[in-house]
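Welcome! Please take a look at the sequence and the structure below, and then let us walk through some of the features together.

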Amino acid sequence: MDLGLSSEQIALQARARDFAQSVARPRAAEIDATEQYPWDIVKALTEAHFVGMTIPTAYGGEGRSFLDAVLVIEEMAKCCTVTARIVVETNMGAISTVMAYGSEEQKKLAASLVLAGDKPAICITEPDAGSDALAMTTRAEKRGDRYIINGRKHWITGGGVSRLHLIFARVFDEKGQDVGIGGFLAVRDQGQGLRVVRREQTMGLRGMPEGELAFEDLEVPAEMAVLPPSGFRRGFADLMNAYNSQRVGAGTVAMGIAAGALELAAEWVKEREQFGRPIGEFQGLQWMLADMQTQLTASRLMLYQAARSRGEGSIFPDPMLAAQAKIFASEAAIRIVNDALQMFGARGYSRELPLERMARDVRMFTIGGGTAQVLRTLVASRMLGWKLPQTRDGYIEASARPLAAE
Ligand SMILES: Cc1cc2nc3c(=O)[nH]c(=O)nc-3n(C[C@H](O)[C@H](O)[C@H](O)COP(=O)(O)OP(=O)(O)OC[C@H]3O[C@@H](n4cnc5c(N)ncnc54)[C@H](O)[C@@H]3O)c2cc1C
């Protein structure tokens, strides 16, 4: 199928496939079993220039497009989800936010860390502020030339392994006035005040730590506040818009897992015989396969389109396209992996095959990075041109603040 890829992109895809099959796949089961962050894979990805590909050349990256990153992520996810997530988070998410809104100093800092293999952490979610991210209580108080940050975040990807942290906090000026929500850059091992207090016990994606973080009088120099042109008051919406690239990346990981599962299933139904013939000769399974392929193709097209939408008058993927692609791809991927596992019968349920791991891994993608429900709210609100308030006190509060988790 012609997906409108350039010969250079096809070559990049082939290089990523080769890496995924020869370096990532042999390590995938072990990473899952040991729950250890794969520093060896990080090193290999760094040497192969798959981390920081999207960082502009002026900051040492390759200035690649989000579609280039998507092509690489898909190949990695077919073989090893943790490897794919490292590629997402070193090319999209926090790094693209800094590259869009950061000062020169911030861009140089972020680029140098990421290009050396650091996976930046983005710290938004709190125990009492999940989908309703604006309810966050982590405080950043201005004191002279710095901000003092106090609060807790949980489910922070990379907690304990990431150095660079983009921390979202409610900002208070010198007079104690609440001036909105801002993002602040902190490097974990430079100074005190940023502690990983707990590792979440995850169902899947086990080699990628999810941490609970405590900020205790964490001092951040004022020049490390990431400030969009709209300032703190509207800044959160802008900063979250930058997160659309991460949504495209996460949707692509889900799609890649599904593609990997479908490849396994398509081979298996030709090989496995029951009732004296390959099970792929049964129409019941053929129609399942056709539905799986159809959903996979639709997911891929939506994700490629969302990735391509960056550059069409925007530095980020279009929010509507990114949200729709993530909703569709993450939900389709769960169904595809589940059906692939079904086709293997008892073997599908065995830990000796990768399908049970894929089923655990893929389950996450309707949750992290904005749940499928909250993203539907985003899509509907843009369709209708309304802010759809989720709070009981409704429209008054909604008009004074951007939409939850948008
Ligand atoms: C593996 C993993 C990695 C993550 N990584 C990060 C990270 O790096 N940084 C970070 O900041 N966060 C991260 N998160 C947190 C993630 O963004 C939140 O889990 C997510 O936003 C949902 O918040 P919650 O878990 O508190 O669920 P809740 O907000 O409590 O939602 C519970 C349920 O209610 C539904 N719901 C809530 N509000 C509405 C509504 N208005 N309308 C309809 N349904 C609604 C939700 O869809 C969900 O089904 C991660 C989560 C996971 C699982």
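Helices (H or I, at least four residues) and strands (E, at least two) are DSSP runs, numbered from the N terminus. With those labels in mind, please also remember that this is a predicted model.

## Helix H6 and what follows it

Which residues of H6 are buried? They are Gln106, Lys107, Ala110, Ala111, Leu113 and Val114. Seen down the axis of H6, these buried residues fall within an arc of 165°, so they line one face of the helix.

Just after H6 comes Gly117, which takes a positive phi of about 110°.

Trp155 has a positive phi of about 55°, although it is not a glycine. You will find Trp155 in strand E3, which runs over residues 146-157. With a relative accessible area of 42%, Trp155 is partly exposed.

Leu205 is not a glycine either, and it has a positive phi of about 50°. This residue sits in the loop between strand E6 (194-199) and E7. Is Leu205 buried or exposed? Its relative accessible area is 5%, so Leu205 is buried.

## Inside strand E7

Staying with E7, we come to Ala214, which lies in this strand. Ala214 is buried, with a relative accessible area of 1%. Leaving aside residues up to four places away in sequence, Ala214 touches Gly151, Arg152, Gly193, Leu194, Arg195 and Val197.

How far apart are Ala214 and His154 in sequence and in space? They are 60 residues apart in sequence and 8.8 Å apart in space, going from C-alpha to C-alpha.

## Salt bridges

Side chains of opposite charge can pair when their charged atoms come close. A search of the whole structure finds 26 salt bridges. One of them joins Glu30 and Arg27, with the closest N and O atoms 3.0 Å apart. Both residues lie in helix H1 (residues 7-34), where they are 3 residues apart, about one turn of the helix. An α-helix has 3.6 residues a turn, so residues three or four places apart point the same way. Glu30 counts as partly exposed, at 44% relative accessibility.

Another salt bridge is the one in which the side chains of Arg85 and Glu210 meet, at 3.3 Å from N to O. Arg85 lies in helix H4 (residues 81-89) and Glu210 in strand E7 (residues 210-221), so the pair ties together parts that are 125 residues apart in sequence. Are these two partners buried or exposed? Arg85 counts as buried at 6% relative accessibility, and Glu210 is buried with a relative accessible area of 6%.

Elsewhere, salt bridges that share partners join Glu8, Glu62, Arg64 and Asp68 into one network.

## A surface patch and a loop

Which residues make a nonpolar surface patch of about 390 Å²? Met383, Leu384 and Trp386 make it. Met383 belongs to helix H12, which covers residues 372-384. Met383 is exposed, with a relative accessible area of 61%.

Our last stop is Asp132, in the loop between strand E1 (121-123) and strand E2 (139-143). Asp132 counts as partly exposed, at 30% relative accessibility. Asp132 and Ser309 are 177 residues apart in sequence, and their C-alpha atoms are 27 Å apart in space.

Note on methods: Residues are numbered from 1 along each chain as its sequence is written. This is a predicted model: local features need pLDDT of at least 70, side-chain atom pairs count only at pLDDT 80 or more; totals for chains, interfaces and linings use all residues. Side-chain values use heavy atoms; hydrogens and water are left out. Patches are made of residues with over 30% relative accessible area and no salt bridge: like charges are joined within 9 Å, nonpolar side chains (Val, Leu, Ile, Met, Phe, Trp, Tyr) within 5 Å. Accessible areas come from the Shrake-Rupley method with a 1.4 Å probe; for residues, only the protein chains shown count as cover. A salt bridge is a side-chain nitrogen of Lys or Arg within 4 Å of a carboxyl oxygen of Asp or Glu. Buried means under 20% relative accessible area, exposed over 50%, partly exposed in between (1.4 Å probe, protein chains only). The arc is that of the directions from the helix axis to the C-beta atoms. Contact means heavy atoms within 4.5 Å.
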